[in-house]
Structure formats: structure tokens, C-alpha cells
Amino acid sequence: MAIIEIEGLAKSYRIYQKQEGLLASVRGLFRRKYRDVEAVRGIDLTVESGEFVAFLGPNGAGKTTTLKLLSGVISPSAGTARVMGFTPWKRENAYRRRFALVMGQKNQLWWDLPAQESFRLHQQIYCIEPAQFDRRLDELVDLLTVRNLLAQPVRELSLGERMKMELIAALLHSPEVLFLDEPTIGLDVVAQHNIQSFLRFYQQQRKMTVLLTSHYMKDVAALCRRVVIIAGGMIMYDGSLSGIIDRFSGHKVITLVFPGEKPPGDLSRFGEIVEEQGPKVKLKVDRNGIGGALSTILAKHTVEDVSVEDPPLEEVIAEMFSLATEQVKGREPRPQLA
Amino acid sequence: MSDVVTSTIGDHAPAFRPSYTKVFLAFARNSLVRDMTFRSNFIIESITSLSWMAMNLAYYILIYQFTVSIAGWSKMEYFLFLATTLFVNAIVQALFMPNCEEFSELIRTGGLDFALLKPIDTQFLVSLHKINWSSLWGALFAAGLMGYALWYLPETPSPVAFLLYPFYLACGVAIMYSLMIALAATSVWLGRNQTLYDFWFYITNFSRYPLEIYSGAVGDPIRVLFTFIIPVLIVVNVPARLLAKPLDGQNWPLAVFALFATAASLWLSRLVFTKAMRSYRSASS
């Protein structure tokens, strides 16, 4: 059953272009330059109940804007979206009771107070019955191992500890849909892993529908089967993580180790030499030519070791991002005078 | 991971409307806990608030050394007027000032996102989520001054006046609040509205004096503007007049108008707030 349905969703902003210098600032009082930025350009997406979907994309791709549209924080310029049957930007309380948004770079807890005071406030706002509240808080506090931090002011918590508290605040009302905007940003490896483990476990237990944006491929690999790649406000890919390489990478990497101190000199005709260290060489070879290249090399030369790998996922995605950004740049409208 | 998760989604509390009183009490409690955390700051703010009140009082004590009446207001009548001014100010500063100031900043920084996610009236949440407890000393000071002035007033006000006074006091606070929240909400379109706060401070200054002083070529236009267009002049004048002056035919039209002005102010500010929230564009993550 589809829980999120998006059709032709678009959001554009008009942004004032501040010119450099005092004179330009004075001129700007009378005549201003604006630029239209299309943050999201008519995306279509359907998410089934219980899915854990990753939104990947470079900075400014439109990931956060999409999450803000789906949580009703902002209204779209065009298109429709239904989450659990609600139109998010109508901001109905019946909808707001059933989802949560966590933003890694923003804080919703009272800064100077212990997190438990904010949790009590949530209890009142979300009308959570006392027994249910205590039970949920106990569960979450145990899972995230933060019991000893409940009475500590939020401003004195580490970033990782604060993010755990943010997650508790977001989950106390037991949302059916959870939007996570870079929840592990700035966290060290251990804290990232803890948050990932918690999210994976909790989502599986609760069958929540989760939309996650992250720059960390490890988050995505650990949590999501489905990946949506968004760049320049458009969806470039929607499928499995492994499918990205199949679809967007036209090559593989062959690593060869030759006897002696140097590799043979005729390898560049099989593909691009991307790395050479003593007798070890890495060749970037067209996917379709792998078999031919390997059999020729092995027939012609003595090889001590050989391996064939897909290029690193990050590399493929980075290439894809830059390609998409180039495409989008070509479509950007020029600044207008107003 | 342990097996402590026992419930699944869907075990929501029934979709009750939250108790606004309970939420407000939670705001009040959290604000008090926060204020107590920064004890020295709380003490300094309390002293500042009380000193400002005392200086205001001293100023009028000095003036009444040289006159028996200001625009028809005797010393004790004027003390009632002053007490009403100080009381309204204290309530506005305790409840709404910190929130409206923060509201503008939340709009600019995108911090308003979380307020828009909560299943509760956003205007209520934004307007009351912080309470400046130290400003409430001012309300106590004003109540004391009011008691003193009533004791020495030559004529005790009627029971009707005593009944209507708190009602019109609440109307006055509502008008001030409406003005403040509407001005703060314009940050959505202006990006920043520090100047509008100054503007608010200047125009509310007019509310601190009796209507009678606004007469003549300069006074009349000011009186009309700040009574009928931006009704800050009725905030203090209507309740204070009910207690300090005998109830007569002159007071009633203004008192009736105050009802209309309060309803119109609340309605208009709600309109501005709602439109502003629709235009909110958040800030970059």
C-alpha cells in the first residue's frame, strides 16, 4: 500500500542577488537583482508502507526541500503530494500527529534544559497517555543507552548524544512516517554506527516508513534497500544501491600484479591506467571489453595476481552528481532585474 | 539490540485535542526551570524590572509636587492609570515579548520548522512557549501601587467597575499582543524586522498617557490615529478610566469601542499570522 504519493512536485524560490561592495548595496536599495532557483523540479515518487528509502544527492539537490514539502513546513509551487492520505502543507493536526521530522543540523529540544523536560512537553502536545509515554520513553532510552543523560542540560551533551535525544523526541508519539534529514551529520564513526543500528532495529520492529537523506554512503548501505538519487531537483535514479553501478558505471577496475619490478609497457591499450605502484597496476576497462582484455593480458604476460572489481560506489555517484549538476547548470535561467 | 520494543505503530493515543492549559503550564514550568538555572541573570533581570517601575513612579511623584492635576487626573487617579500601564507592560513583557522577539529570529533562521510540525495551534505555540518570569515582579509592583491608589482615592469605584476592570485589562493586553505578533510575523516577507520593533516601541509609548492630553492641532490627529486605526490608546485608558473616574455617559462609548477594537485586532493579527505561515519558506538546512 502506497503511503507517500508524489506527482509533479515542484518548488522554486526567488532569491535576491546581493552584489559585492558598498556602492552596489546602495544601488540594491533601488534596483534589485533576483534569481529564480528551482529547488525541486516536478518529481514523481511513490513509497510503500514500511519502506526505508534513502534520498541521495549533492548539496542543493533538493533533498531537504522535498522532506520539508512532505512534512508541510513549506508549500510547493506546483504538483501534489499525499502522505497517509493527507496533503502535508494543509498542516492538519491529524497528520502532524502521525509523522516526525528529524534534522541533523537543527535542534528542537530546549537548549538550556535537560531533554526529559522537552519530552514531557511533547507528551502534552501529542496527548500521549502517561503509561504509554513512560513505556515508550523507557524503550527508547534503553535502546539508545542514554538513561544517565536524561537529567543533563541539552547544551552540555555531545553532538551524538544530542542526536539520540532528538530521535527520542521524534519517536515518542510513535510516528508512522519518519523523515530523517542527515541524522548522522558531523558524528564520529562510533556515533554514526550507533544511530544506524538503532534506526535499522527500530524501523524493522515498528514497520515505520522512513525517508532518509544522508551524504554518508555507509548510512545508506546499512539501512536502505531502495535509493532515490536526486540532483538539480530531479530524480535521476530510483532503485537498489547495487543497481546504481550497473546502470551508471560503464567500466570495471582490473588490478594486476606482475613479477619483477615494473609492469609491461603495453597495458594502456586495454584501458586507462589509474594507478601504478611498482609491479602493481590498476586498469579502468570498459565493461564490455573485460573478457577480451583479460584473456589477451594473461596470454601475453605472466601475472602473479589478478582481481576485477566494480569502481567504488562513492566514485560512481560523484560522477553522476557532477554530470547531473552540469546538465542543470545549462538550464538555469539568468538573473532578472526587478 | 535488546527486545524491549513491544508495541508497533498504530498504538497511538486517540486523536485528542491537546489541553492548551496543560501545554501552557508545561511552558511555564520549563521557563521557570530555565530561569532558575541562570540564577544571577534572573536576579539582575528582576532588579532591572523593579527599578524601571520604581523610576516611573518616582517621576510622577516629582511631577505631582508641582501640580495637583495632569489633564484632569489627580495624583491618586493618575497612580491608578500608571499602575494599569505597568501591569499591562509586565504581562506583555512576561508572556509575549520574548516569544515575539524569538519568533522573528526563528523565521529568519528556519527554526520555525519544528513549530510547524507540532499538532497544536502554531500561533499558540509560537506566542507562549517561553515565559519571562522576572518580568512578573512588575505585575506585583503594579498591583501594590493599584491597592495604594485605591485606598487613597476619594471615591471608591463601583462594583461594576471592579468587575469590568480585569476584563478590559485583558482586552488591553490582547490588543498589545495582536500588534506585536502581527509585526513579528511580517518577518516572513521582510526577512528581518528590527525596525518594526522600534516602531512598535514608539507607538505603544502613546498608550502610556491619558487621552485628555491628546488635544489641539497636534493632539487630535494623534488621538484619532491611535484610537481608531491602531488602537493602542484604549489599552490603558479604558480600564484605568473605569476605576479612577466615575462611570458616566462619556466612558461607555469608548468601552464599547474597546470591545470592537479588541476583536478586530485579534482577528487581523490572526489573519496576518496565517498568511505569514503560508508564505514561510524556511531557511537552508
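Visitor: Which lysine lies over the face of W73(B)?
Guide: The model is a predicted one. At 4.6 Å from the ring centre of W73(B), the residue concerned is K245(B).

Visitor: Over which ring does K130(B) lie?
Guide: The distance from K130(B) to the ring centre is 5.9 Å. The ring belongs to chain A, and the residue is W110(A).

Visitor: How many aromatic pairs are found, over all chains?
Guide: The search covers the whole structure. Its total is 19.

Visitor: Why is the pair of Y78(B) and F81(B) classed as stacked?
Guide: Their ring centres are 5.6 Å apart. Planes under 30 degrees apart count as stacked. The pair is therefore stacked, as its planes meet at 25°.

Visitor: Are Y78(B) and F81(B) buried or exposed?
Guide: Both residues belong to helix α3 of chain B, 3 residues apart, or about one helical turn. Buried means under 20% relative accessible area. With 2% for Y78(B) and 0% for F81(B), the term for Y78(B) and for F81(B) is buried.

Visitor: What separation in sequence does the pair of F206(B) and F226(B) tie together?
Guide: This pair is stacked, because its centres are 4.6 Å apart and its planes are at 20°. F206(B) lies in the loop between α9 and α10 of chain B, whereas F226(B) lies in helix α10, so the parts tied together are apart in sequence by 20 residues.

How values were computed:
Residues numbered from 1 in each chain as written. Chains lettered and ligands numbered in written order. Predicted model: local features only at pLDDT ≥ 70, side-chain atom pairs only at ≥ 80, totals over all residues. Heavy atoms only, no water. Phe/Tyr/Trp six-rings, centres within 6.5 Å; stacked < 30°, edge-to-face > 60°. Helix = DSSP H or I, 4+ residues; strand = E, 2+ residues; numbered from the N terminus. Buried < 20%, exposed > 50% of the residue type's maximum accessible area, 1.4 Å probe, protein only. Lys NZ or Arg CZ within 6 Å of the ring centre and 35° of its normal.
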